[in-house]
Amino acid sequence: MWSVAVALPAVQADFGLSRAEATVPYTLTMVGFALGGVLMGKLADRCGIAAVVAFGTLALAAGYVAAGMARGIVGFALAHGLLIGLAGSSATFGPLIADASLWFSRRRGIAVALAAAGNYLAGTVWPPIVQHFIETAGWRATHIGIGFVCLATMLPLAFVLRRRPPLEELHAQPAGRAAPITWAQRQRQLGLAPAALQGLLVCAGVACCVAMSMPQVHIVAYCVDLGFGAARGAEMLSLMLAFGIVSRLASGAIADRVGGLKTLLLGSTLQGAALVLYLFSDGLTSLYVVSALFGLFQGGIVPSYAIIVREYFSPQEAGARVGTVLMATLAGMALGGWMSGAVFDLTGSYRAAFANGILWNLANVSIVLWLLRRPRAPIAAAT
């Protein structure tokens with residue numbers, strides 16, 4: 001996911017492209033990543049995570065080799081969109097998060113957070129390594145090398161995941177301890193049809209990530225407009241991702257105590273507060289501080305959706321339902337990145353774009369609050 005952004009300048013120069021043309025592979029990667037999450041989630045529900053990860057590994061390896069051998073932008077973009085995005089990366093995010101949720105009951109939140117944190121950890125670790133090899137060996141050799149690294153490291157790990165998770169909802173409890181509430185009991189208590197709840201989670205995912213995308217996509221351009229330069233903006237983006245790792249782990253621990261919906265409400269509320277702070281921050285130091293806070297606040301939002309799905313839906317449907325909600329969050333990121341740029345073009349200022357993000361964030365908070373305030377039917381005692 002991150003290598004295509006790092007290689008963008010080298011690919012643009014080699015193929016003689018405009019900046020817009022050079023970003024097409026990234027766009028196709030994200031579209032494929034979003035759509036593939038649903039397909040791979042359904043496949044994981046049927047065949048297990050090991051088969052999905054093995055398939056995704058082969059697709060990633062083939063995609064990177066094909067990209068490294070591409071003779072033009074069309075072949076390069078298709079390799080990213082179809083093999084690296086649709087069939088590859090999508091197999092190792094949503095399905096893995098859903099699978100992790102099936103193995104844990106008391107510590108499900110932190111397990112899901114650890115699985116989701118790999119994405120941000122990759123964004124912190126891999127870009128400098130990829131950039132080093134692009135400078136020393138060229139982008140083609142680097143892409144082919146990444147393909148072989150994926151094959152050598154990920155395929156053995158896929159076989160470690162062969163054991164299927166236990167799907168029994170109630171585990172043996174120590175004497176004197178009440179049995180946990182099941183997903184079916186929670187769903188009845190909420191009083192919503194499964195399709196309605198899924199639809200609300202999809203809407204919430206789009207709304208929160210339209211807001212989230214504003215700083216993540218445009219912080220570099222914002223710093224350039226303020227005269228601080230692109231390098232400072234890149235540092236702020238890296239700072240966001242690093243603090244996002246902390247946020248995901250902390251939010252996982254919080255979810256184990258209060259549940260997914262309350263954790264989502266906390267993260268979304270704090271994200272909105274950070275967006276408000278951006279309206280009053282145009283100095284270099286203040287932008288570093290607010291960017292760190294933004295990363296610390298928002299990192300746990302996306303994993304919270306996986307916790308909610310696991311709490312309110314059948315475990316046999318976890319892969320498909322988590323994939324659907326994560327697809328909505330990625331759609332929100334894509335929509336928000338474009339929308340923020342469009343608002344800037346119309347107004348000539350990022351203040352209006354930040355305000356737009358705040359409004360979308362309020363929509364997300366409203367949905368979660370409505371779900372939390374739903375009339376609760378009494379839960380029948382477990383027998």
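**View 1. Helices around the second largest cavity of the predicted model**. In this predicted model, α7, α11 and α14 (301–312) each contribute at least two residues to the lining of the second largest cavity. The volume of the second largest cavity comes to about 40 Å³, and the residues that line it are G109, V112, A113, S251, G252, A255, T263, G300, P303, S304 and I307. Sorted by class, this lining holds 5 nonpolar and 6 polar residues, with no charged residues. A search of the whole structure gives 2 cavities of 30 Å³ or more.

**View 2. The largest cavity, with α3 and α15 in its lining**. The largest cavity has a volume of about 50 Å³, and around it lie the lining residues F33, A34, G37, S90, F93, G94, G323, L326, M327 and L330. At least two residues of this lining come from each of α3 and α15, and α15 gives the most, with 4 residues. The lining of the largest cavity is made up of 6 nonpolar and 4 polar residues, and no charged residue belongs to it.

**View 3. The largest pocket and the residues nearest its centre**. The space in the largest pocket amounts to about 1,900 Å³, and its lining consists of 47 residues, among which W2, A5, Y26, Q216 and V217 lie nearest the centre of the pocket. Two or more lining residues are given by each of the elements α1 (3–15), α3 (24–47), α7 (108–137), α10 (194–226), α11 (230–258) and α15 (318–347). Classified by residue type, the lining of the largest pocket comprises 34 nonpolar, 11 polar and 2 charged residues.

**View 4. The second largest pocket, with α7 as the element that gives the most to its lining**. For the second largest pocket the volume is about 1,300 Å³, and 42 residues line this pocket, with T92, G118, A122, W126 and M154 lying nearest its centre. By class, the lining of the second largest pocket divides into 33 nonpolar residues, 8 polar residues and 1 charged residue.

Conventions: Residues numbered from 1 in each chain as written. Predicted model: local features only at pLDDT ≥ 70, side-chain atom pairs only at ≥ 80, totals over all residues. Heavy atoms only, no water. 1 Å grid on protein atoms, 1.4 Å probe; cavity = no way out; pocket = protein on both sides within 12 Å on 5 of 7 lines; lining within 4 Å. Points joined across faces, edges and corners; volume = space filled by probe spheres on them. Nonpolar A, V, L, I, M, F, W, Y, C, P; charged D, E, K, R; others polar.
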